[in-house]
Amino acid sequence: MSDMKKWMPYRSLVEQDYTYKDKKEKIARPQLSTEKAEEIDRILHTCIGVPLHITYYEDGYLYEIEDAIKKVDMDNKRLVFTSGDKLSLSSITDIEVI
């Protein structure tokens, strides 16, 4: 009965000794240059319905999406994609035509 372990603090048991190395570190919001902002604006105005690869920033992480823009909703300042997803215009960090 001496081998019985009731409660031990986190990671004190060998079975619990794992790390979260796969978890990405949070980053600061990337700053857009004037040229990059103009390029994003040009693509958004000319490529409605065209498949795009978009990188966007949200809650400290960069994400990517590939979809075609259905509508640019200027009232709410967001993109509406053909899949029904919505994305804030201010979160876009990079965009390119596929």
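**Pocket.** I started with the lining of the largest pocket and asked which element gives the most to it. That is α1, with 5 residues. A reminder to myself: this is a predicted model. I put the volume of the largest pocket down as about 230 Å³. Then I listed the residues that line the pocket: Leu32, Ala37, Ile40, Asp41, Leu44, His45, Ile48, Val72, Met74, Leu89 and Ile92. By type, the lining splits into 9 nonpolar residues, 1 polar and 1 charged.

**Sheet order.** Next I traced the strands. I found 5 of them in an open sheet, ordered β4-β3-β2-β1-β5, with antiparallel pairing.

**Strand pairs.** I went through the bridges pair by pair.

- β1 and β2 are antiparallel over 8 bridges. I looked up His53 and found Glu66 in β2 as its bridge partner. These two strands make a hairpin with 2 residues between them, and Asp59 in the turn has a positive phi of about 55 degrees.
- β2 and β3 run antiparallel, joined by 4 bridges. Val72, which I had already noted in the pocket lining, stands opposite Leu79 in β3. This hairpin has 4 residues between the strands, and Lys77 takes a positive phi near 55 degrees there.
- β3 (residues 78–81) and β4 are joined by 3 bridges, again antiparallel. Arg78 has Ser88 in β4 as its bridge partner.

**Thr82.** Thr82 lies between β3 and β4. Is Thr82 buried or exposed? I got 51% relative accessibility; exposed means over 50%, so Thr82 counts as exposed. Leaving out residues up to four places away in sequence, Thr82 touches Asp67, Ala68 and Lys70. I also checked Gly49, which is 33 residues from Thr82 along the chain, and the two C-alpha atoms are separated by 8.0 Å.

Key
Residues are numbered from 1 along each chain as its sequence is written. This is a predicted model: local features need pLDDT of at least 70, side-chain atom pairs count only at pLDDT 80 or more; totals for chains, interfaces and linings use all residues. Side-chain values use heavy atoms; hydrogens and water are left out. Two strands pair if DSSP finds at least two bridges between them. On a 1 Å grid over the protein atoms alone, a cavity is a set of points where a 1.4 Å probe fits but cannot get out, and a pocket is an open set with protein on both sides within 12 Å along at least five of seven lines; lining residues have an atom within 4 Å of a point. Grid points are joined across faces, edges and corners, and a volume is the space filled by probe spheres set on the points. Ala, Val, Leu, Ile, Met, Phe, Trp, Tyr, Cys and Pro count as nonpolar, Asp, Glu, Lys and Arg as charged, and the others, Gly among them, as polar. Buried means under 20% relative accessible area, exposed over 50%, partly exposed in between (1.4 Å probe, protein chains only). Contact means heavy atoms within 4.5 Å.
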